[in-house]
Every structure is written in C-alpha cells, then in structure tokens.
Amino acid sequence: MTQPAEITPRRVSIFGSTGSIGRNTLNVISHLGGREAFQVLAVTGKGNTDLLARQAMECGAQIAVTADETRYGDLKQALSGSGIEVAAGKAALIEAAERDTDWFMAGIVGMAGLAPTLAAARCGADIALANKECLVSAGELFHREIAHGGGRLLPVDSEHNAIHQIFDRSQPHSIERIILTASGGPFRSLDLAEMAAVSPDMAAAHPNWSMGIKISIDSASMFNKALEMIEAMHLFDMRPDQIEVIIHPQSVVHSMVGYSDGSVLAQLGTPDMRTAIGYSLAFPDRPSLPVERLDFARLAQLDFETPDEDRFPSLGLARRAMEAGGLSGAILNGAKEVALEAFIERHIGFLEMADIVASVMDRLGTGGAAVSIEAVYEADNAARLLARELVAARSAKSLVN
Ligand code: NDP
Ligand code: MG
C-alpha cells in the first residue's frame, strides 16, 4: 500500500497579528488545520506585546517582532525560554518580511504597513492585502514589486475581495464598472449640523463590522470608501469613471461588477472578515469556514441609496486624486491620517477632517510622479507636515474663540 505523501505545511507570516485582521487571520488558520497545515514564520505587532507573545507561542511562530523598539525588553521577557526569535523596530519588520514565506498577511494599519509589504512582495510571497495604503499611496510601485517577485495579489478588504470573486479576468474588456458598496456608517442619516458635533467614540461605533478604531472612524467619514475607490482603481486597472459607490446599509452585498451585456454580478455574505481572509489563504480553492450563513428568509430587505457628497466630501476628494494621478493618493492619505489622529485626540471636529485634506490637496497638487518609494514618502511627509500646521492653526483659533 502506498503511504500518503507527507504534506508540507504552507509557510505564512502575519503582519499586524495583534490587530482585528491579524486576530481573525490566526482564527482562520487554526480552523483550517493550525500547525498541521501551516508553518507560521512571523507574527508582528506594536504596543500589544503581551498578546503578541501569546500568539507567537500558540501558533509556534519562528519570530515575533514589535514595531516599537522600546517594547523589545517586554517581548523578550515574555518569550524567554520559548525558542522563538524576538526583534523590534522598523528594520526588523522588513527583515522578517523578507524571510521566505508563501503567504503574507498585510494587516498593519496605515503607512507603516507599506515598507514590510513591499519587501514581502519583492521576495515573491502571495500578498493577502488588508492594508489599503500600499495601493492608495504607492499603487504602481506596489504592482512593480509584485511583478518582480512573481507572487499573487489577493485582496482582503471585503469589497475588493468580493470583486476579486466576481471579476472575470478572462474578459476584462467586458467589464464596464465596479460598484463598491458602503454601509454609510453610523452617521448615514445625520444632517451636517449634527455631524459637526459627533465625538470620536460615536464615530468609532460601526453598525455592522467589528474593526480597528481608525478604519471604523474612516467608515463614518467615508474616507474608508475614498481609499477603497483608489484601491479598486489600482487593483483592477479601471479608469476613475468606472468606479461607483452605492450606500447599502445592511452590508450584505459586499460589492458588484457590471458587465457590457447589462449583467451585474454581486458577492453576498454575512459581514465577517474571515470569509475574505480564508478566500485569500485557500485561493483558488474554497475553504470551509465557521461563519454565519446568510438566511434569505430572515433578511427583510436590501436597501441601496446614492451617497450625499455634500455630507461625505471624502468621496469627491478620492475622485480628484484618482483623476490627478501621480502622488495624489499619497497626499490624500497622509493628510487624512493626520486629520484622523487630530479628530481622535479632539483637536478638530469630525467635518474638519475633510476640510484639512482638501486644503492639503489644493496646496500640494499631484506632488509629481510616483517613480520611487522615496518620492512616495516625500509626498506623504509633505502632506503630513502641512496637515499638522492646519490642525494647529484650527486648534489655536478654537482656543481664541
Ligand atoms: P487594528 O488597529 O486592529 O490593528 C493594527 C495592527 O497594526 C496591530 O497589529 C498593531 O499593533 C499594528 N500596528 C499599529 N501601528 C503600527 C506601526 N506603526 N508599525 C507596525 N505595526 C503597527 O487594525 P485593523 O486590523 O482593523 O486593520 C488593519 C489594516 O487592514 C488597516 O489598514 C485597515 O484599513 C485594513 N482593513 C481592516 C478591516 C477590518 O475588518 N478590520 C477590513 C478591511 C481592511 P498593536 O495593536 O500591537 O499596537
Ligand atoms: Mg472595506
């Protein structure tokens, strides 16, 4: 009798493992066979070193990295005697990203995720992309690194994952439009005066999805959707006018693709990121996942409405950035990250976030061509600097008033 061939566990790295995407990824890995099926090379976090150490031990990671050098001692102590390598800092993150892995979860939030993800792409890993900034700020460069490494780009953001599932790659010319769905967030039906007065806690309470605080607030301002429009343009090689956004409060239809024969294909499911994560992990197979199944008899209705761009100016700003090209995405994103921090720290109001991003985009223009990673960081830095000045000027004014 022939012995079954020994299956080599697939090597995976989870960057941002302590976050919402990272924790869901480890959960999916454990459902799909854990250590029998996967060899975890790297897990990474920043401030939450206790959880990072626990995760590293539970999944038997080769290395645990915290982005915060001041937390190195804590992590080292928590993992002493475990045999797991410990490292800290930005360079260590890049070094860990360059280790030979088959699959790389890009789950670090913000621009901090760019350098390690580019490194993993260059080295040929399949990239499961949750982080949006890689494409928003450095779309062409990112594609270049993926092509250089030869890995696959598998979108995890639920909308882009949905599109990946229904986008007929054999007939790209038959695709007329991509329709991104948006829940509309917690302030969908507030008027401008009410929106001006909302607190960070109110903005962080997403009606359907459980996510990190930054993306939750970005969902409330629809800056999340703005980033996703730019992300979709780069991912699926679309023109700006082919990307549409529709509000769909139930978050059951995760996005749609419209074809030249009038057909519209949609991907539906309960709002649970584990579907997109599992899809990216098993692609092109379909894994079996313990997510709640859609019950159509219980779904009372599915609603759709046009977003109001006066109340959500972020969508118009995204369209501007898409049409302008160059480094506009990096500028929009850099300014947005500063404005978001300032709102979380209560230095500015909710609606002022979009004002600041618009002013920065007005002043910096396209910022030139995105020819190198240095150019991307320069544009990002310039946008952050200017956004900080604008935040400071507004805070000073509100103290005087
Ligand atoms: P979280 O805030 O929950 O987690 C962020 C992760 O990044 C944590 O592991 C955190 O470490 C780490 N981190 C934070 N700052 C840094 C830094 N400067 N350098 C290195 N690591 C850092 O975010 P989410 O999991 O919600 O989101 C992750 C990414 O995925 C984001 O880009 C988001 O837009 C995208 N995304 C998320 C979705 C979701 O459902 N959550 C859906 C679609 C996209 P620590 O916690 O230890 O400090
Ligand atoms: Mg999304």
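Student: Which strand and which helix each supply at least two residues of the lining of the second largest pocket?

Tutor: This is a predicted model. The lining of the second largest pocket consists of 14 residues, and among those nearest its centre are Thr 275 and Arg 286. The elements that each supply at least two residues of this lining are strand 11 (264-268) and helix 13 (273-282).

Student: How many residues of each class does the lining of the second largest pocket have?

Tutor: The pocket in question has a volume of about 270 Å³. Leu 289, Val 291 and Arg 293 are also among the residues nearest its centre. Leu and Val count as nonpolar and Arg as charged. By these classes, the lining has six nonpolar, five polar and three charged residues.

Student: Where does Pro 284 lie, and what is the omega of the peptide bond that joins Phe 283 and Pro 284?

Tutor: Pro 284 is placed in the loop between helix 13 and helix 14 (314-324). The bond that joins Phe 283 to Pro 284 is a cis peptide bond, and its omega is about 10°.

Student: Which residues come nearest to ligand 1?

Tutor: The shell around ligand 1 comprises 10 nonpolar, 12 polar and four charged residues. Of the 26 residues around the ligand, those that come nearest are Thr 18, Ser 20, Ile 21, Lys 46 and Gly 47.

Student: How much of the area that ligand 1 exposes when taken alone does the protein bury?

Tutor: Backbone atoms approach oxygen atoms of the ligand: a backbone N or O atom of Gly 19 lies at 3.1 Å, and one of Gly 212 lies at 3.0 Å. For Val 109, a polar backbone atom is 3.5 Å from an oxygen atom of ligand 1. Taken alone, ligand 1 exposes 900 Å², and the part of this that the protein buries is 85%.

Student: What is the phi of Met 222?

Tutor: Met 222 belongs to the loop between helix 11 (213-221) and helix 12 (223-236). The residue is not a glycine, yet its phi is positive, with a value near 65°.

Student: Why may the protein be called as compact as a globular protein of its length?

Tutor: The secondary structure of the protein comes to 17 helices and 11 strands. For 401 residues the globule rule gives 21 Å, and the protein is as compact as a globular protein of that length because its radius of gyration is close to this, at 21 Å.

Terms used
Residues are numbered from 1 along each chain as its sequence is written. Chains are lettered from A and ligands numbered from 1 in the order in which they are written. This is a predicted model: local features need pLDDT of at least 70, side-chain atom pairs count only at pLDDT 80 or more; totals for chains, interfaces and linings use all residues. Side-chain values use heavy atoms; hydrogens and water are left out. On a 1 Å grid over the protein atoms alone, a cavity is a set of points where a 1.4 Å probe fits but cannot get out, and a pocket is an open set with protein on both sides within 12 Å along at least five of seven lines; lining residues have an atom within 4 Å of a point. Grid points are joined across faces, edges and corners, and a volume is the space filled by probe spheres set on the points. Helices (H or I, at least four residues) and strands (E, at least two) are DSSP runs, numbered from the N terminus. A residue is near a molecule or strand if one of its heavy atoms lies within 4 Å of it. A polar contact is a pair of N or O atoms within 3.5 Å; within protein, one must be able to donate a hydrogen and the other to accept it, and residues adjacent in sequence count only if both atoms are side-chain atoms. Accessible areas come from the Shrake-Rupley method with a 1.4 Å probe; for residues, only the protein chains shown count as cover. The radius of gyration is taken over C-alpha atoms; the globule rule is 2.2 Å times the number of residues to the power 0.38.
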